[in-house]
Amino acid sequence: MAAEVPVIDLRLAGAAPEEAARLRAACERLGCFRVTGHGVPRGLLAEMKAAVRALFDLPDDAKRRNTDVIPGSGYVAPSATNPLYVAFGLLDAATPADVDAFCARLDAPPHVSETVKAYAEKTHDVIVDVAGVLASSLGLEEHSFKDWPCQFRINRYNYTQDTVGSSGVQIHTDSSFLTVLQEDECVGGLEVSDPDTGEFVPVDLVAGSFLINIGDIGTVWSNGRLHNVKHRVQCVAPVPRISIAMFLLGPKDGSVSAPEPFVDADHPRRYKEFNYGDYRGLRLSTGEHAGEALARLEA
């Protein structure tokens, strides 16, 4: 049985209180929802997938020039933990100069570079809009996320007949605030944890939509109201699968804490203030799951 992931029209969510309330409820319970009406043309979605396939066809020496800006932000080769998974990373995807540098470092063809730049600009608009609507739905009006850094993670899962039924990537939560994910419309496999049962259930594909996931920083920033969704990818077909994620990481100055309006006598502060880079580094270096890492930060 597939997860009942709400589908939210972003055009309505910014103007209709009932649609914004559905968005908030999805983030509080399941930790994810689908968004339509996002303004990214279908043609650009398809062009970006073609550009991604072209990037993965580059020679290995070119791929490895996609080095880390911060730990875990660059090229990821297959590993013992995730042997089927390979990925590019781009930080800061919200900064045109950094997008240009990413493409230049890989010697990406001009048409690929132009597509990546156009897609980065459009998806940054989406992630800022989604975060703004979410903040407003929680009662925090006119809170801007425009200067928060963003990371692209461009993923490929190298599936074969022998890998069907195995794990594409291990169970995890995202360390970021929220994620805008374009999935492979031909190959599924994404599963989310049902918060009521703990069971992993498939997420149905919806053409032309983005999947929005709440991450660890979203839970901390909301003082525990938003649910950071556990998810994984399973191999369901013997063909390569791609996905394209943009992560809204955290405040520009790196300092993460719940805004004062989210803290009162009935809702005491749940987490100490901390630096996002330190938290991300902790998770990468120790391999801790979010529950363990966030437990260290409880107030």
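1. Start with strands β7 and β10. In this predicted model, β7 (residues 190-193) and β10 (residues 231-234) run antiparallel and are joined by three bridges.

2. Four strands form an open sheet, and their order is β5-β10-β7-β8. The pairing is antiparallel. Which strands stand at the edges? They are β5 (167-172) and β8 (200-202). Each has a single partner strand, so one side of each is left without a neighbour in the sheet. Direction ignored, neighbouring strands here are turned by 25° against each other on average.

3. There is also an open sheet of seven strands. Read the order as β1-β2-β9-β6-β11-β4-β3. Its pairing is mixed. The edge strands are β1 (7-9) and β3 (85-91). Each of these has a single partner strand, so one side of each lacks a neighbour in the sheet. From one strand to the next, the twist averages 25°. As background, strands of a sheet pair through backbone hydrogen bonds, either parallel or antiparallel.

4. Is β6 enclosed or open to the outside? Five of the five residues of β6 are buried, so the strand is largely enclosed by the rest of the structure. In a regular strand the side chains alternate between the two faces of the sheet. You can check this in β6: L178, V180 and Q182 point one way, while T179 and L181 point the other way. All of them are buried.

5. Follow β6 to its partners. Four bridges join β6 to β9, and the two strands run antiparallel. Within that pairing, T179 has N213 of β9 as its bridge partner. β6 also pairs with β11, again in the antiparallel sense, over five bridges.

6. Strand β4 (residues 150-157) pairs with β11 in the antiparallel sense over eight bridges. Find R156 and look across to β11: its bridge partner is I242.

7. Helix α5 lies across β3 and β4, running at about 140° to β3. Helix α6 packs on the sheet. Which strands does α6 touch? They are β2 (32-36), β3, β4, β6 (178-182), β9 (210-214) and β11. The direction of α6 makes about 55° with that of β11.

8. Turn to how helices pack on one another. Two packed helices are described by the angle between their axes and the distance between the axes. For α5 (residues 96-105) and α6 (residues 110-137), the angle is about 150° and the axes are 10 Å apart. The two are therefore roughly antiparallel to each other. α5 passes α6 in a right-handed crossing. On the α5 side the contact is made by V99, D100 and C103, and on the α6 side by S113, V116, K117 and A120. By class, that contact has four nonpolar, one polar and two charged residues.

9. From α3, the contact uses L44, L45, E47, M48, A51, A54 and L55. From α6, it uses V112, T115, V116, A118, Y119 and K122. By class, the contact of α3 with α6 has ten nonpolar, one polar and two charged residues.

10. Where does L249 sit? Its place is in the loop between β11 (241-248) and β12 (255-256). Is L249 buried or exposed? L249 is buried: its relative accessible area is 4%, and the cut-off for buried is under 20%. Leave aside neighbours within four places in sequence, and L249 is in contact with L91, P149, C150, Q151, S176, F177, I217, Y276 and R280. Take I217 from that list: L249 and I217 are 32 residues apart along the chain, and their C-alpha atoms are separated by 7.6 Å.

Definitions and conventions: Residues numbered from 1 in each chain as written. Predicted model: local features only at pLDDT ≥ 70, side-chain atom pairs only at ≥ 80, totals over all residues. Heavy atoms only, no water. Axes fitted to C-alpha atoms, helices over the stretch in contact; angles between N-to-C directions. Parallel < 35°, antiparallel > 145°, perpendicular 65-115°, else oblique. Left-handed = near helix turned anticlockwise from the far one by under 90°. Contact = heavy atoms within 4.5 Å. Nonpolar A, V, L, I, M, F, W, Y, C, P; charged D, E, K, R; others polar. Buried < 20%, exposed > 50% of the residue type's maximum accessible area, 1.4 Å probe, protein only. Pairing = 2+ DSSP bridges.
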